[in-house]
Amino acid sequence: MDFSGTWKVYSEENLDEFLKIIGAPEIVVKMRKDVKPVIVIEQKGKDFTYTMKTPFFSRVNSFTIGKESEISSVDGRKLKCTVREENGKLICETDRFTCVREIQGDEMIEGLTCSLNRNKRKEWVWFHNLL
């Protein structure tokens with residue numbers, strides 16, 4: 001599956017709750033409520049560059065499928081992750097959350113799961129249109 005393209009977030013449910021759970025600063029939580037980022041993905045085989053653009057900042061992450069990478073979270077913190085591909089989906093796992101991205105027609109659906117504790121997990125879904 002080719003994820004290359006420029007994607008505009010058009011729906012994010014409970015984003016502020018997710019950001020608070022992962023420990024994002026309050027200023028980031030407030031800023032992201034009002035801003036729908038543009039995501040640019042460049043894919044060359046198993047190598048990806050993922051850029052999130054907002055009026056306030058741009059964040060660039062690069063990774064290779066199957067190799068551990070260091071990525072920056074929305075508030076700039078560094079996280080270790082390994083991205084794998086399963087059934088056409090990109091799955092990124094960190095010690096704080098799991099993110100699954102998949103393409104369905106002209107949409108990219110991004111699902112996030114965060115472990116609140118050993119027995120409780122919380123899920124969020126965000127939708128992106130291809131521009």
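Analyst: Helices (H or I, at least four residues) and strands (E, at least two) are DSSP runs, numbered from the N terminus. The model is predicted, so local features need pLDDT of at least 70 and side-chain atom pairs count only at pLDDT 80 or more, while totals for chains, interfaces and linings use all residues. Residues are numbered from 1 along each chain as its sequence is written, and side-chain values use heavy atoms, with hydrogens and water left out.

User: In which loop does N87 lie?

Analyst: Most residues other than glycine have a negative phi. N87 is not a glycine, yet it has a positive phi of about 50°. Relative accessible area is computed with a 1.4 Å probe on protein chains only; under 20% means buried, over 50% exposed, and in between partly exposed, and N87, at 79%, is therefore exposed. N87 is placed in the loop between β6 and β7.

User: Which residues touch the most other members of the largest nonpolar core?

Analyst: A nonpolar core is a set of buried Ala, Val, Leu, Ile, Met, Phe, Trp, Tyr and Cys residues joined through side-chain atoms within 4.5 Å. In soluble globular proteins, nonpolar side chains tend to be buried together. The largest such core here holds 33 residues, and those touching the most other members are F18, L19, I41 and F97.

User: Which elements each supply at least two residues of the largest nonpolar core?

Analyst: The 33 residues of the largest nonpolar core include F18 and F97. At least two of its residues come from each of α1 (15–21), α2 (26–34), β2 (38–44), β3 (47–53), β6 (78–86), β7 (89–93), β8 (97–104) and β9 (107–117).

User: Which elements are included in what covers the buried residues of α2?

Analyst: The buried residues in α2 are V28, V29, M31 and R32. Contact means heavy atoms within 4.5 Å. The cover over these buried residues includes β1 (5–12) and α1.

User: At what angle do the ring planes of F18 and F97 stand?

Analyst: Rings of Phe, Tyr and Trp (its six-membered ring) pair if their centres lie within 6.5 Å; planes under 30 degrees apart count as stacked, over 60 as edge-to-face and the rest as tilted. The whole structure has three aromatic pairs. F18 and F97 are both buried. Their ring centres are 5.7 Å apart and the pair is edge-to-face, because the planes stand at 75°.

User: How many residues apart are F18 and F97?

Analyst: Among the residues that F97 touches, leaving out those up to four places away in sequence, are F18, I22, L79 and C92. The pair of F18 and F97 links distant parts of the chain, namely helix α1 and strand β8, with a separation of 79 residues.

User: How far apart in sequence are the parts tied together by the pair of F3 and F48?

Analyst: Three aromatic pairs are found in the search of the whole structure. The F3 and F48 rings have centres 6.5 Å apart and planes at 65°, so the pair is edge-to-face. F3 lies in the segment before β1 and F48 in strand β3, so the parts tied together are separated in sequence by 45 residues.

User: Which residues form one aromatic cluster?

Analyst: F48 counts as buried because its relative accessibility is 4%. Its contacts, neighbours within four places in sequence aside, include F3, F63, I65 and L90. One aromatic cluster is formed by F3, F48 and F63.

User: Which residues are the closest to the centre of the largest cavity?

Analyst: On a 1 Å grid over the protein atoms alone, a cavity is a set of points where a 1.4 Å probe fits but cannot get out, and lining residues have an atom within 4 Å of a point. Grid points are joined across faces, edges and corners, and a volume is the space filled by probe spheres set on the points. The count is two cavities of 30 Å³ or more, with about 430 Å³ in the largest. Of the 26 residues lining the largest cavity, the closest to its centre are Y50, S72, F97, R101 and E110.

User: How many charged residues are in the lining of the largest cavity?

Analyst: Ala, Val, Leu, Ile, Met, Phe, Trp, Tyr, Cys and Pro count as nonpolar, Asp, Glu, Lys and Arg as charged, and the others, Gly among them, as polar. In the lining of the largest cavity, 19 residues are nonpolar and three polar, and the charged residues number four.

User: Which residues line the second largest cavity?

Analyst: The second largest cavity holds about 30 Å³ of space. Its lining divides into five nonpolar, no polar and one charged. The lining residues are I41, F48, Y50, F63, L90 and R101.

Definitions and conventions. 1 Å grid on protein atoms, 1.4 Å probe; cavity = no way out; pocket = protein on both sides within 12 Å on 5 of 7 lines; lining within 4 Å.
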